[in-house]
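Here are some brief notes for a first look. Please read them with the model open.

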Amino acid sequence: MVDRYDVVVAGAGPAGAQCARDLATRDYDVVVLETESEDEFPRQSNKSTAGTFPSMMSSFGIPDDVVMSYTDDVVLESPNSYYESYQPGAVLEFADFKRFLVEDGRENGAEYRFDSRVSRPILDDDGVIEGVRYNGDEEVYAEVVVDATGPAAPIASALDVVDLERENQAIGIEYEMKGVEMNHPEYADLRRAMMLRLDHDIAPGGYSWIFATGEDTAKVGICYIQNDRHREFAQEGQTVDGYLDDWIERDPRFADAEQIGDTVHRGSAHIQMPDEMHTDRFLAIGDTVPTIDPLWGEGIHKGMKSARAAAATIDRCLTDSQRRVDAESLAVYERLWHRDVAPRMRARLTLTRLLYLAPNERYDRFMRDLRATDDNTLEKANQGDKAAMAKLLHLDDIPLLAKFAREQLGS
């Protein structure tokens with residue numbers, strides 16, 4: 001007997017679980033294959049800072065009981081300055097959030113198979129995917145296969161759909177800490193804030209963060225891209241763990257702080273323009289393609305949106321009288337992705353390039369520029385609005401932007 005479904009999803013992260021959740025609600029037979037065991041899920045894949053915004057919570061029906069804390073402000077720090085903006089947010093308990101998505105999907109009919117490591121696609125005589133192999137020689141077949149495994153991307157890579165480049169890979173590490181002085185007199189009040197710090201002395205080629213989870217508790221981490229600025233400022237032999245430990249040792253806000261337990265959250269993503277995201281009978285979603293917000297590093301909402309776009313596309317194709325799932329029919333997914341998930345991606349990557357490659361003194365001026373503009377300028381700039389971006393640029397930014405443009409033309 002052939003093990004066959006309408007859709008098989010590889011990976012039970014936010015994107016994979018949300019895609020299954022949407023499809024199950026529409027009464028499709030969907031199975032999710034997840035590497036981790038059910039008893040431990042999501043211990044190994046609990047990798048996100050889990051900062052998000054109310055729009056995600058309301059759009060996807062996420063309950064309050066998976067929220068560690070609600071925040072009021074976003075704070076940007078530079079080496080010698082900072083900028084505050086009122087922007088409500090939520091810091092999720094990421095494990096509870098992922099378990100909610102799984103259980104809600106199951107209640108609507110999605111099947112989950114844990115301890116199921118996907119290895120490669122099953123191809124028909126024409127080289128078109130018709131299923132996947134997992135755990136060695138086990139097989140499952142479907143009308144459509146969705147790869148939501150993140151940067152590992154075993155199916156998407158085998159089908160030559162994605163090309164995740166090492167030089168665009170961001171790696172991060174995070175601790176949960178207590179005893180953090182969230183209202184230190186030298187800095188902005190972070191008791192109800194999510195803070196990102198641009199400072200190459202702490203995170204060369206990236207940023208660090210403090211996300212409030214209580215009066216004196218926070219998620220604390222750093223992330224950097226393996227870019228030119230990282231290579232320029234990186235300390236020889238220093239690891240991402242070492243950079244985080246050094247910051248905690250030097251920053252007075254952590255003078256009396258200590259790590260909660262021994263849990264360390266690690267993650268990686270790619271910040272680049274996506275290539276193709278689909279082919280015949282196949283879609284790639286979440287971090288399997290570069291979906292993360294390039295400026296803020298926020299991936300949950302983007303991943304959930306990509307899942308919804310994929311589910312809507314599959315629904316459209318499978319409700320067609322001929323159930324057409326060829327590449328041309330599934331191409332609506334990419335149109336939805338560029339319209340709803342990450343519009344004006346190239347312009348937003350330009351701003352990201354400027355941010356992460358700028359010298360430290362440029363960050364201080366960036367804070368002054370932000371304070372001199374309207375409150376929504378940064379938000380509009382992150383959306384790729386060229387007029388808003390122009391308010392934050394200076395003549396001496398031109399060499400960096402020109403270098404980026406040349407690299408894009410060369411690619």
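1. Start with Phe114. Its relative accessible area is 13%, so Phe114 is buried (buried means under 20% relative accessible area, exposed over 50%, partly exposed in between, with a 1.4 Å probe and protein chains only). Keep in mind that this is a predicted model: local features need pLDDT of at least 70, side-chain atom pairs count only at pLDDT 80 or more, and totals for chains, interfaces and linings use all residues. Residues are numbered from 1 along each chain as its sequence is written, and side-chain values use heavy atoms, without hydrogens and water.

2. Ser37 touches this site. Beyond its neighbours within four places in sequence, Ser37 is in contact with Phe114 and Asp115 (contact means heavy atoms within 4.5 Å). Ser37 sits in the loop between strand 2 (30–33) and strand 3 (51–52). Strands (E, at least two residues) and helices (H or I, at least four) are DSSP runs, numbered from the N terminus. Ser37 counts as buried because its relative accessibility is 17%.

3. Now the rings. The structure has 6 aromatic pairs (rings of Phe, Tyr and Trp, the last by its six-membered ring, with centres within 6.5 Å; planes under 30 degrees apart are stacked, over 60 edge-to-face, the rest tilted). One of them is Phe94 with Phe97, which is tilted: 6.1 Å centre to centre, 35° between the planes. Both residues lie in helix 3 (residues 94–107), 3 residues apart, about one turn of the helix. Phe94 and Phe97 are both buried.

4. Tyr112 and Phe114 form a stacked pair, at 6.0 Å centre to centre and 20° between the planes. Tyr112 is buried too, at 8% relative accessibility. Ring pairs join Phe41, Tyr112 and Phe114 in a cluster.
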